[in-house]
Amino acid sequence: GRTVSQRSTSRVDLGPLLAVAQALPLTPLVHNGDVFSSNDESLLGPLREAGVGAVMAARGLLANPALFAGYTSAPSACFADYVDLCMEHGEQYLTMRRHLSCMLAPILPRGMRHEFIAVKSLLGALEFLQALDLLPGTTPFSG
């Protein structure tokens, strides 16, 4: 695990969780932290061997909603699907921009992500994503 003060600034320590799994083999356990790849055997292997039944991947899934489908970064279809869902359900632009910036993190240099974060309008964000070929060439606003 990690202490509260460590948050996500340091790699998760599996030792305490593995010790609990060994001491309480019939207790269902769920691991949370540092899951960024569906095939990271250095993390998932020991968890599986210890009988940990599930993992949660908050930051990993924010960056790559297709993580457990085997993708190393979010495919363009994820961007289009996410934008469509946000539009359909009236998601606030700032929340939408934050989640999209997480999805862009693994595929864009930091400077370009900062450019995206600086975009103040939904139309501007859609045009930015279109320029990267992450969205189809038309939007509800482009006619």
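## A walk around the helices

Asp133 is exposed, with a relative accessible area of 63%. Keep in mind as you look around that this is a predicted model.

Now step back into helix 7 itself. Which of its residues are buried? They are Gly124, Ala125, Leu126, Phe128, Leu129 and Gln130. These buried residues pack against helix 4, helix 5 and helix 6. There's a handy bit of background for reading a list like that: an α-helix has 3.6 residues a turn, so residues three or four places apart point the same way.

Leu129 turns up again in the largest nonpolar core, which has 22 residues. Together with Phe79 and Leu100, Leu129 touches the most other members of that core. Three helices each supply at least two of the core residues:

| Helix | Residues |
|---|---|
| Helix 4 | 76-89 |
| Helix 5 | 93-104 |
| Helix 7 | 122-131 |

Helix 4 gives the largest share of this core, 6 residues. Let's zoom in on Phe79. Setting aside its neighbours within four places in sequence, Phe79 is in contact with Ala74, Leu100, Met103, Leu104, Ile107, Leu129, Leu134 and Leu135. Another core lies apart from this one; it has 12 residues, among them Val12, Leu29, Leu47 and Leu67.

How do helix 4 and helix 5 sit against each other? Two packed helices are described by the angle between their axes and the distance between the axes. Here the angle is about 170°, and the axes of helix 4 and helix 5 are 11 Å apart. Because of that angle, helix 4 is roughly antiparallel to helix 5. If you want to find the meeting place, look for Cys78, Phe79, Tyr82, Val83 and Cys86 on the helix 4 side. Their partners in helix 5 are Thr95, Met96, His99, Leu100, Met103 and Leu104.

One last stop is Arg113, in helix 6 (residues 110-118). Is Arg113 buried or exposed? Arg113 is buried, yet it has no salt bridge. The nearest side chain of opposite charge belongs to Glu115, and that is 11 Å away. So what does Arg113 touch? Leaving out neighbours within four places in sequence, Arg113 is in contact with Ser101, Leu104, Ala105 and Leu108.

How values were computed
Residues are numbered from 1 along each chain as its sequence is written. This is a predicted model: local features need pLDDT of at least 70, side-chain atom pairs count only at pLDDT 80 or more; totals for chains, interfaces and linings use all residues. Side-chain values use heavy atoms; hydrogens and water are left out. Helices (H or I, at least four residues) and strands (E, at least two) are DSSP runs, numbered from the N terminus. Buried means under 20% relative accessible area, exposed over 50%, partly exposed in between (1.4 Å probe, protein chains only). Lys and Arg count as positive and Asp and Glu as negative; His and the chain ends are not counted. A salt bridge is a side-chain nitrogen of Lys or Arg within 4 Å of a carboxyl oxygen of Asp or Glu. Contact means heavy atoms within 4.5 Å. A nonpolar core is a set of buried Ala, Val, Leu, Ile, Met, Phe, Trp, Tyr and Cys residues joined through side-chain atoms within 4.5 Å. Axes are lines fitted to C-alpha atoms, for helices over the stretch in contact, and angles run from 0 to 180 degrees between N-to-C directions. Angles under 35 degrees count as roughly parallel, over 145 as roughly antiparallel, 65 to 115 as roughly perpendicular and the rest as oblique.
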